[in-house]
Amino acid sequence: MPPIISLNKVSKIFKAKKKTKGFVNSLKSVLKPNYQEFKAVNNISFQAEKGEIIGFIGPNGAGKSTTIKMMTGILHQTIGEIKVLGYNPQKDRKELAMHVGTVFGQKPQLWYHLPAIDTFDLFSKIYEIPEEIYKKRLKKLIKTFEVQSFINTPVRQLSLGQRMRLEIMASLLHNPKVIFLDEPTIGLDIVVKKKIRALIKKLNKEQQTTIILTSHDMEDVETLCKRLIIINQGEIVFDGPTKDIKERYLNKKRLTVILSKKIKEIKLPGAKTMFKGDYKHGLEVDTSKHSIQKVIQKLTSKYAIEDINIQDPPIEEIIEEIFKGKKV
Amino acid sequence: MTITKYFHIAKISMRNVFAYKADVFAHSLFIGLIIFIFINLWQVIFIDPNNAIEGFTLTMMIWYLVLTESIVTSFGRLVEDMGNEIQSGEIATKLTKPYNYLLFQYSQNISKSLFRFTTTFIVGALLTLYFVGPLNFSLTSIPFIIISVLAAITLHFCLMALISTSIFWLEEAKAIDFLYSKIVFIIGGMFFPLEIFPDWLASISAKLPFSYIAYFPAKLFVSFSLNDFFKVFLTQLFWIAVIITLNYVMYKFIISKVQIHGG
C-alpha cells in the first residue's frame with residue numbers, strides 16, 4: 001500500500017520585504033523594494049503510513065505550521081513533491097479537504113455566538129455527509145467526547161477545555177483519514193489535556209486514522225506518538241522512534257522548590273542545583289539514575305517545603321541537546 | 001449538491017446576526033440620523049418643495065438617499081473583517097474546508113448585509129414618510145428594483161473582497177478601504193445623483209462600476225423604466241463578472257505566491 005502522506009525534498013521559500021533603517025532608505029524601499037529570501041522549510045522528506053501518529057515538534061518558527069499548511073494545500077511549496085492520500089494538495093485542495101481534518105489550537109472554527117451543534121450541522125452540509133450517516137456519527141462522537149450537556153450552549157459561554165473538545169469533534173464529523181492537530185492542547189489544564197490525549201488515542205485505534213500532531217508539550221508527544229519528527233530551522237534533525245529520544249533526552253525533570261526558611265543551597269544526592277535563591281531553588285534530577293519519587297521524599301523530609309513544581313525541560317533545550325549529541 | 005452548502009452558510013450566518021442585535025440597531029439609528037440631517041439640508045435647498053432640481057423633487061431626492069445609504073452601508077466593516085482574517089492567519093481554518101473561499105465569504109456576508117439593508121431601509125423609510133411624504137412609484141416596479149439592489153450589493157461585495165485580498169501585498173488595506181468608501185459616496189452617487197455633477201464628472205462616473213452600486217439602482221427606484229432597468233442590470237452583471245474574474249486571478253496568485261501570517 002502506498003504511504004498516506006509523502007513529502008519528497010520539499011522546500012518553501014518566503015520572500016519578505018527588507019526593512020531598512022532611516023527615512024531616506026525607507027523612501028528608497030518604497031520605490032524599489034528590497035526582497036530578502038528565507039527558507040521556512042528546507043529540503044524535507046518523510047512518509048507516513050496508515051494508522052501512524054507522528055509527533056511533529058520543534059521550536060517556534062521551525063517550519064512546523066508551514067509544513068502542515070503545505071500538506072493541506074493552503075500554502076504551496078516552492079520545490080519538491082507532496083502527496084496526501086494520493087492527492088496533490090496544491091491542485092486538489094478541495095477534494096483533499098473532504099478526507100482531511102484539521103485543528104489549529106489557536107484558530108477556532110466554531111461559530112462563536114452559536115451553539116456547537118449549529119456548526120456541526122453546517123459542516124455536515126459542507127462535507128456533503130448524507131443525513132443518516134451524519135446523525136449516526138454525531139451520536140457516537142457526542143458519546144465519546146462527552147459533550148451532551150453543553151452541545152446546545154453558545155460557544156462563547158464554554159470553558160476552553162469544553163471548546164477544544166468540540167473543536168476536535170468538528171474536524172472528525174466527516175470521518176477523515178488524516179488529521180492534522182496543530183497544538184490541540186495549548187492553554188489547557190492537565191486534566192483536560194489527559195482527556196484529549198485519551199480521545200486522540202482512541203480515535204487512532206478504532207479508525208486507524210493517520211495523525212500528525214504538533215505540540216510544545218513533550219508529554220503530548222510522549223504519550224501519543226510512537227514516531228517523532230523534530231524540525232529545526234526548516235530542516236528535519238531527527239526522524240525516528242520516540243523512545244530513542246526519550247531514553248536519551250527526556251530523562252530529566254526540573255524541580256522548582258520554594259522553602260519556608262532561608263537556606264543557602266539544597267544538597268541532595270541525585271539532584272543537581274540549577275539555581276539558588278534565598279527561598280526559591282531550582283534542581284534537576286536525572287530520572288534514568290534516580291527515581292523522582294525518592295528524591296522528593298528525601299527533599300521533603302530534609303527541608304521545610306512551601307511549594308514544589310515539577311517540569312520537563314523546554315523543547316528548545318532538548319533540541320539543543322540533540323545537536324550537541326550529534327557533534328560529539 | 002454543492003450549491004446547497006452555500007445556502008446553509010448564509011442561513012447560519014443569518015442566525016449569527018441576531019447575536020449582534022445591538023450593533024445592527026445602533027447602525028440603523030446612526031444612518032437614520034444622517035438621513036434626518038439630509039432631509040433638513042435638502043429642505044433648505046429646495047425652497048419650494050414642488051420644484052425639481054435636475055429632474056429630482058425633494059421627495060425623490062430623499063427616497064433616493066434612503067436607498068443608496070441602505071445599499072452602501074449594508075456590509076458594515078467587511079474589508080476590516082476579511083482583512084483581520086488574513087492578518088491573523090485565521091484564513092487557514094477556512095482554506096482547509098471543501099468550499100470556494102470567496103463564495104463562502106459571499107454567502108456568509110450576503111445574509112448579514114440583507115438584514116442590515118432591510119433594517120436601515122425601514123428606519124430611513126419611516127423617517128422620510130413622516131417628514132417628507134411617500135414616493136410616487138408603481139408597485140409593479142418592485143421586483144425589478146429588488147433585482148437591481150441585489151446585483152448592486154453583490155458588486156459592492158466583489159469590490160470589497162478585492163480590496164481585502166490586497167492585504168497580502170500591502171499588509172494594511174485601511175487606506176484603500178477609506179478611499180473606496182469615499183469614491184462610492186461621491187463618484188458612486190451615494191450622497192448626490194450624478195445629474196448634480198458637472199457633465200464631465202457625471203460621464204466618467206457613469207462609466208465606472210461604483211455608480212452601479214448606488215446611483216443607478218436608486219435612480220430606478222425613484223424614476224422607473226423597464227428599458228433603464230435592463231440597461232442597468234446588464235451593466236451590473238458585466239461589472240460583477242469583471243470583478244469576480246479579477247478576484248479569481250488575484251486569489252490564484254496569492255495562494256501560490258504569498259505567505260500566510262501567524263505561523
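Reply: A definition comes first: helices, of at least four residues, and strands, of at least two, are DSSP runs numbered from the N terminus. In this predicted model, L85(A) is accordingly found in the loop between strand 4 (79-84) and helix 3 (93-97) of chain A.

Me: Why is L85(A) called partly exposed?

Reply: The relative accessibility of L85(A) is 22%. Buried means under 20% and exposed over 50%, so L85(A) at 22% counts as partly exposed.

Me: What makes the phi of L85(A) worth a remark?

Reply: Phi of L85(A) is near 55°, a positive value in a residue other than glycine. Most residues other than glycine have a negative phi. Q208(A) also has a phi near 55°; Q208(A) is found in the loop between helix 7 (190-207) and strand 7 (210-214) of chain A. With a relative accessible area of 38%, Q208(A) is partly exposed, because this value lies between the limits of 20% and 50%.

Me: Why is S28(B) called buried?

Reply: S28(B), in helix 2 (residues 21-45) of chain B, has 5% relative accessibility. The limit for buried is under 20%, so S28(B) counts as buried.

Me: How do you know that the side chains of S28(B) and T119(B) form a polar contact?

Reply: Their polar contact is 3.3 Å. The cut-off is a pair of N or O atoms within 3.5 Å, so the value of 3.3 Å meets the distance condition. Leaving aside neighbours within four places in sequence, S28(B) is in contact with T119(B), T120(B) and V123(B).

Me: What makes N100(B) a cap of helix 6 of chain B?

Reply: A side-chain oxygen of N100(B) lies 2.9 Å from the backbone nitrogen of L102(B), at the N-terminal end of the helix.

Me: How does the span of helix 6 of chain B compare with the expected value?

Reply: Helix 6 (residues 101-131) has 31 residues and reaches 44 Å from its first C-alpha to its last, close to the 45 Å expected. The expected span is 1.5 Å times one less than the number of residues.

Me: Why is A202(B) called buried?

Reply: A202(B) has a relative accessible area of 16%, and the limit is under 20%, so A202(B) is buried. A202(B) is placed in helix 10 (residues 199-207) of chain B and, leaving aside neighbours within four places in sequence, is in contact with L194(B) and F197(B).

Me: Which residues touch the most other members of the largest nonpolar core?

Reply: I5(A) and M71(A) do so, in a core of 103 residues. Helix 7 (residues 142-165) of chain B gives the most to this core, with 13 residues. Apart from it lies another core, of 61 residues, among them I53(A) and L224(A).

Me: How large is the area buried between chain A and chain B?

Reply: The area is about 2,900 Å², of which carbon and sulfur atoms give 62%. In chain A, I74(A), K107(A) and W111(A) lose the most area to chain B, together 21% of what that side buries. The contact takes 31 residues from chain A and 33 residues from chain B.

Definitions and conventions. Residues are numbered from 1 along each chain as its sequence is written. Chains are lettered from A and ligands numbered from 1 in the order in which they are written. This is a predicted model: local features need pLDDT of at least 70, side-chain atom pairs count only at pLDDT 80 or more; totals for chains, interfaces and linings use all residues. Side-chain values use heavy atoms; hydrogens and water are left out. A polar contact is a pair of N or O atoms within 3.5 Å; within protein, one must be able to donate a hydrogen and the other to accept it, and residues adjacent in sequence count only if both atoms are side-chain atoms. Buried means under 20% relative accessible area, exposed over 50%, partly exposed in between (1.4 Å probe, protein chains only). Contact means heavy atoms within 4.5 Å. A nonpolar core is a set of buried Ala, Val, Leu, Ile, Met, Phe, Trp, Tyr and Cys residues joined through side-chain atoms within 4.5 Å. Buried area is the accessible area (1.4 Å probe) that two parts lose on being put together, summed over both.
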